[in-house]
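Subject: A structure for you to explore

Hi there,

Here is the structure I promised to pass on. Please open it beside this email and follow along as you read.

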Amino acid sequence: MRVRHVGITVSNMEEALEFYQDFFGFEVVRDMHEEGDHIDNFSALKNVSVRTVKLQDPEGQMIELLHYGSHPRFLHKKDIADLGCSHFAVTVGNLDEILANLAKNGYKPHCEPQLSPDGKVKLTFLPGPDNVLIEMVEEL
C-alpha cells in the first residue's frame, strides 16, 4: 500500500495552480470537470459539479486540487491542532530560496526555518492558498 495523492479543496483554482506549479514544481497531468451520480455517490453530496486538477511532482508524488462550483465553502481559520488532516509535507532542495520566492508573493511562514533536534533537516510551516498548511523540509 502507498499514499496515492493528497486532495485539497480550493476557492480559486487559478491561484492554487500558480502556487503549486511555480513554487513547488508540480505539473498538471489531468484537468477535468466531474458531475453525475458517480461523484454524487462517493462525495455524499447532491448535484456535484467539481473541477479536478491532478498535479505531479518530478518524483511522481501527486496532489489533487478540487474546486466545487456547486458547493462553495467559506474560509475559516485553521489551526494545526484541528481534527482531521492538519497539513501535508514536501521535501525541498533549498528552503531559504523557496521562502524568499514565496515572500515576494505575500506568503509568510509561521517562523524562520528551524533545525530539527537531530540536525538532519531544516523545516518550517507555511499557510498556502486557502490557509492549507504546508510543512516544507530541507534534508541536510
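Below is what was found, starting with the overall layout.

A quick word on the source: this is a predicted model, in which local features need pLDDT of at least 70, side-chain atom pairs count only at pLDDT 80 or more, and totals for chains, interfaces and linings use all residues. Residues are numbered from 1 along each chain as its sequence is written, and side-chain values use heavy atoms, with hydrogens and water left out.

The protein has 3 helices and 8 strands; here helices (H or I, at least four residues) and strands (E, at least two) are DSSP runs, numbered from the N terminus. Along the sequence they follow the pattern β-α-β-α-β-β-β-α-β-β-β. The C-alpha atoms fill a box of roughly 50 × 35 × 30 Å, taken along the principal axes.

Next, a pair of helices. Helix α1 (residues 13-24) packs with helix α3 (residues 95-104) at an angle of about 145°, and their axes are 10 Å apart. Axes are lines fitted to C-alpha atoms, for helices over the stretch in contact, and angles run from 0 to 180 degrees between N-to-C directions. From α1, F19, F23 and F24 make the contact, and from α3, I98, N101 and L102 (contact means heavy atoms within 4.5 Å). By class, this contact has 5 nonpolar, 1 polar and no charged residues. Ala, Val, Leu, Ile, Met, Phe, Trp, Tyr, Cys and Pro count as nonpolar, Asp, Glu, Lys and Arg as charged, and the others, Gly among them, as polar.

Now for the aromatic rings. The whole structure holds 8 aromatic pairs, meaning rings of Phe, Tyr and Trp (its six-membered ring) whose centres lie within 6.5 Å, with planes under 30 degrees apart counted as stacked, over 60 as edge-to-face and the rest as tilted. F23 and Y107 form an edge-to-face pair, 6.2 Å centre to centre with 75° between the planes. This pair links distant parts of the chain: F23 sits in helix α1 and Y107 in the loop between α3 and β6 (114-115), 84 residues apart.

Enjoy exploring, and write back with any questions!

Best wishes
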